[in-house]
Amino acid sequence: KKLQEARQSENYKNILGGVVNDAVAYAMAVGECNAAMGRIVASPTAGASGVLPGVLLALKQHYNLNERQMAEALVVAGNIGMVIASRASLSGAMGGCQAECGSGAAMAAGAAVDVLGGTPEQVGHAVAIVFKNMLGLVCDPVAGLVEVPCIKRNGGAAAQALLAAELALAGITSFIPADEAIDAMKSVGDRLPCTLKETAEGGLAQTPTALAWAQAYFAADGKI
Ligand code: SF4
């Protein structure tokens with residue numbers, strides 16, 4: 001809401017441009033809805049639920065996509081998700097945030113390429129580029145709640161998805177093919193320690209600010 005309101009102001013610097021700015025705003029809005037226990041579609045998970053709708057709604061708005069195109073984009077995204085799930089994982093607890101927001105971004109990037117007229121090969125390159133750029137991202141939710149850093153990561157993943165889609169549509173290829181990039185994501189995820197896989201025992205969740213906030217939150221909630 002703040003991002004969209006800021007855009008109305010005279011001195012606003014729209015660094016990202018319209019499509020990415022909207023995709024980020026929509027992705028974070030869905031992330032906030034999820035954190036507030038609203039209704040979302042896990043695509044591929046609740047934590048990463050903002051990426052795909054963020055990207056697709058922004059593209060719909062800016063490229064006048066119709067319902068059929070949106071439905072086809074969802075089919076492409078869903079099939080990319082199934083490939084990732086069968087070769088690796090979609091879960092932060094299994095593979096870190098690269099498996100959640102990374103997979104959401106890969107699904108969105110592939111869908112974006114397809115819906116904007118790219119070839120299946122370009123869809124694959126977009127998927128590979130996303131994983132190359134998001135490889136190693138850990139899962140470290142503050143207090144174990146899917147809020148910090150998850151909401152802004154949805155915005156970041158939406159931007160990564162559109163970056164990968166634009167590169168692929170420009171004919172830029174990934175040196176590492178999609179299947180191998182997915183396998184690399186699994187390999188990295190398997191090697192991540194449990195402290196960096198949704199346990200809130202590492203990363204941002206263990207910063208002084210996060211620990212102080214969690215202490216106050218759980219004390220107020222009567223849980224400690
Ligand atoms: S940090 Fe963990 S809980 Fe949050 S979106 Fe990423 S994988 Fe999901």
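Eight salt bridges turn up in this structure, which is a predicted model. One of them pairs K1 with E5, with the closest N and O atoms 3.9 Å apart. K1 is exposed, at 74% relative accessible area, while E5 is partly exposed at 46%.

Another salt bridge joins D179 and R87, at 3.4 Å from N to O. Since D179 sits in helix α9 (residues 178–191) and R87 in helix α4 (residues 67–87), the pair ties together parts that are 92 residues apart in sequence. D179 comes out as partly exposed at 37%, and so does R87 at 32%. These two also belong to a salt-bridge network that links R87, D179 and D183.

Then there is D140 with R153, whose closest N and O atoms are 3.1 Å apart. Here the loop between α7 (120–134) and α8 provides D140 and helix α8 provides R153, so the pair ties together parts 13 residues apart in sequence. D140 is buried at 3% relative accessibility, and R153 is buried at 15%.

D140 and R153 both show up again around the ligand, along with G47, G92, C97, E100, C101, C139 and C150. By class, that shell splits into four nonpolar, two polar and three charged residues.

As for the cysteines, the disulfide count is zero. The sulfur of C101 has its closest cysteine sulfur in C97, 3.7 Å away, which is too far for a bond because the cut-off is 2.5 Å. Both are buried, C97 at 9% and C101 at 2% relative accessibility.

Note on methods: Residues numbered from 1 in each chain as written. Predicted model: local features only at pLDDT ≥ 70, side-chain atom pairs only at ≥ 80, totals over all residues. Heavy atoms only, no water. Near = heavy atom within 4 Å. Nonpolar A, V, L, I, M, F, W, Y, C, P; charged D, E, K, R; others polar. Buried < 20%, exposed > 50% of the residue type's maximum accessible area, 1.4 Å probe, protein only. Salt bridge = Lys/Arg side-chain N within 4 Å of Asp/Glu carboxyl O. Helix = DSSP H or I, 4+ residues; strand = E, 2+ residues; numbered from the N terminus.
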